[in-house]
Amino acid sequence: MAVLNVLKMGNPLLRKISTPVGEELKTPDFQQTIDNMIATMRFQDGAGIAAPQVGILKRVFTMEVIQNHRYPNKTPFPLYVAINPEIEVIDNTRVDSWEGCLSIPNIRGKLKRYKRILFTATDRHGNSFQEELSDFAAIVAQHELDHLNGTLLIDRMDSMETLTFQEEYDKYWL
Ligand code: ZN
């Protein structure tokens, strides 16, 4: 496993639409990429990481929150490897979400996300799964899916007034 370089905002690849994963899922190369994404996410203390963030324009992301000091008050959820993920909104309730992004280091911003979603994807072995996600897991899935469509958290903010450096977030908003 290797920790990969994470692309930062301004890199044009972060604004591209990723293409579906096909037969390459089963190849050792692709499986290695998934392992590297997991290693990178954990190394950077990210709640999730999407393939475009490591320069691969394929529809895959990983997410996991066990014990994460970047998100101390959030409900943990297990590791997901999501291939060709899709989200269906099952409840129009939206909640405030203070988010960060490994591609926008040391910045937080407040936006709105759906509270409950139906999450459908294929796992790393090619088996499809469907699960209802709520709260933080639902928020992270929405954030990571956005990456597959070239969307960043700042695009979802209604106002830039809450664009905040991490240090100020800890001081004033935590
Ligand atoms: Zn992100």
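**Exercise 1.** Which residues coordinate the zinc ion, and through which atoms?

*Solution.* The model is a predicted one. Start with the donor atoms: Cys101 contributes SG, while His143 and His147 each contribute NE2, at 2.0 to 2.3 Å. Then look at the two histidines: histidine 143 and histidine 147 lie about one helical turn from each other because they are four residues apart in helix H2 (residues 135-148). Finally, check accessibility: histidine 143 and histidine 147 are both buried.

**Exercise 2.** Describe the largest nonpolar core and the surroundings of phenylalanine 119.

*Solution.* The core has 21 residues, and those touching the most other members are Phe61, Met63, Phe77, Phe119 and Leu133. Two or more residues come from each of strand S2 (60-65), strand S3 (77-101), strand S4 (104-122), strand S5 (128-134) and H2. H2 gives the most, seven residues. Beyond its neighbours within four places in sequence, phenylalanine 119 has contacts that include Phe61, Tyr80, Pro85, Ile87, Phe129, Leu133 and Ala141. A separate second core holds 15 residues, among them Val6, Ile38, Met41 and Val60.

**Exercise 3.** What kinds of residue line the largest pocket?

*Solution.* The space in this pocket is about 250 Å³. List the lining: Ile87, Val89, Arg94, Lys112, Arg113, Tyr114, Gln142, Leu145, Asp146, Arg156 and Asp158. Sorting these residues gives six charged, four nonpolar and one polar. By element, at least two lining residues come from each of S3, S4 and H2.

Conventions: Residues numbered from 1 in each chain as written. Predicted model: local features only at pLDDT ≥ 70, side-chain atom pairs only at ≥ 80, totals over all residues. Heavy atoms only, no water. Donors = N, O, S within 2.8 Å, 3.2 Å for Na, K, Ca; no water. Buried < 20%, exposed > 50% of the residue type's maximum accessible area, 1.4 Å probe, protein only. Core = buried A, V, L, I, M, F, W, Y, C linked by side-chain atoms within 4.5 Å. Contact = heavy atoms within 4.5 Å. 1 Å grid on protein atoms, 1.4 Å probe; cavity = no way out; pocket = protein on both sides within 12 Å on 5 of 7 lines; lining within 4 Å. Points joined across faces, edges and corners; volume = space filled by probe spheres on them. Nonpolar A, V, L, I, M, F, W, Y, C, P; charged D, E, K, R; others polar.
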